[in-house]
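Subject: Structure handover

Hello,

Here is the structure I promised to pass on. Please open it alongside this message.

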Amino acid sequence: MVVALQVALIQTALTQDRTLIAEGDYAAKRTDGDKVLAHWKLWQLSTGGYEAVESGAKYVTITQTFRFDARFMPVGYSFQLGPLPKAVTDQYPKAPTLYPMGVSCEYQPHELRCESDSNGHHSVASIPAETPYVFIPGELYSLDFTWFLTGVVHLVERNDSGDGVVNVYAMTDSDTNHNEIALKADAPIHLVFTGEENAFVMGKIQEVRKYEGWGGSELSVLRVTAQGLVALISGKSSPTVGFAMSNYTEQVPWESPFHPVRHAAPPSPK
């Protein structure tokens, strides 16, 4: 009874420290319909910051947390891979050596610092980081690109005197110890604001801001809502195919700190 009471008190304290303001799905948009990949909830913390906490995946329990400050600037990211189901471990006997696994990164002003726990082993890595920057977890195929790029768009808009470039640092394996993680500089992201348009995103037609430059030709265009959320990532030739926020629901009305200042770039000469 004492343990149950303690757990209840902790859960109550956590609830009081944050407010659920919105939730939705991360979906792959395809020509034959949307496929939901995960479900997320956006919380506003009592400190003024925000957390988008996402869970889902078919075979592995994956929880991702995208952390933002009160201005919605990205300040951290973490993911947790839960134990694998027996059906998967039977098919891939070596997989349990990696799971469960957790990684948590903190974006400091001049340094990116990450910690990991994998199969009972704790590892810490850091790297000098040039702002603005974000972290990408290597080959984690379940990364929610809409939330990842939401942070990038906010950095680009806040850094109006810059050239729309956001540095990227990635997690990799240590060259000297396979149980240790390491960090490295990756290719930066360059986004260009190209104008506004009306588009069908998040279940309705609304005015969005378009940014170009992310990924290859198939995932090069971002459509961003007035709240600064990357609602759709697609290509120029297939604007309805890609990744999107879907089934969006606001639990309480909230005012986004997104105040874009960039002007549309002139069209490229043909």
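Below is what turned up, topic by topic. Bear in mind that this is a predicted model.

Cavity

The count comes to one cavity of 30 Å³ or more. The largest cavity holds about 90 Å³ of space. Its lining has 14 residues, and the closest to the centre are F66, P74, G76, Y107 and F148. By type, the lining divides into 11 nonpolar residues, two polar and one charged.

Helix α3

Of its 14 residues, 13 are buried, so α3 is largely enclosed by the rest of the structure. At 1.5 Å a residue, α3 should span 20 Å, and its end C-alpha atoms are 20 Å apart, which agrees.

Take Y133 and Y169. Their ring centres are 5.5 Å apart and the planes stand at 85 degrees; over 60 counts as edge-to-face, so this pair is edge-to-face. Y133 belongs to strand β9 and Y169 to strand β10 (residues 165–173), so the pair ties together parts 36 residues apart in sequence. Both Y133 and Y169 are buried.

Ring pairs also link W40, Y50, F68, F72, W147, Y248 and W254 into a cluster.

Charges over rings

Two arginines come up here. The charged end of R18 sits over the ring of W43, 3.8 Å from the ring centre. The charged end of R209 sits over the ring of F193, 3.6 Å from the ring centre.

Backbone points to check

Most residues other than glycine have a negative phi, and most peptide bonds are trans.

- T131 and P132 are joined by a cis peptide bond, with omega about -5 degrees. P132 is in the loop between β8 (121–128) and β9.
- F72 has a positive phi, near 70 degrees. F72 is in the loop between β4 and β5. Its relative accessibility is 1%, under the 20% cut-off, so F72 counts as buried. F72 is also one of the residues in the ring cluster.
- M202 has a positive phi as well, near 55 degrees. M202 is in the loop between β12 (192–201) and β13 (204–212). At 12% relative accessibility, M202 counts as buried.

Best wishes

How values were computed: Residues are numbered from 1 along each chain as its sequence is written. This is a predicted model: local features need pLDDT of at least 70, side-chain atom pairs count only at pLDDT 80 or more; totals for chains, interfaces and linings use all residues. Side-chain values use heavy atoms; hydrogens and water are left out. On a 1 Å grid over the protein atoms alone, a cavity is a set of points where a 1.4 Å probe fits but cannot get out, and a pocket is an open set with protein on both sides within 12 Å along at least five of seven lines; lining residues have an atom within 4 Å of a point. Grid points are joined across faces, edges and corners, and a volume is the space filled by probe spheres set on the points. Ala, Val, Leu, Ile, Met, Phe, Trp, Tyr, Cys and Pro count as nonpolar, Asp, Glu, Lys and Arg as charged, and the others, Gly among them, as polar. Rings of Phe, Tyr and Trp (its six-membered ring) pair if their centres lie within 6.5 Å; planes under 30 degrees apart count as stacked, over 60 as edge-to-face and the rest as tilted. Helices (H or I, at least four residues) and strands (E, at least two) are DSSP runs, numbered from the N terminus. Buried means under 20% relative accessible area, exposed over 50%, partly exposed in between (1.4 Å probe, protein chains only). A charge sits over a ring if NZ of Lys or CZ of Arg is within 6 Å of the ring centre and within 35 degrees of the ring normal. The expected span of a helix is 1.5 Å times one less than its number of residues.
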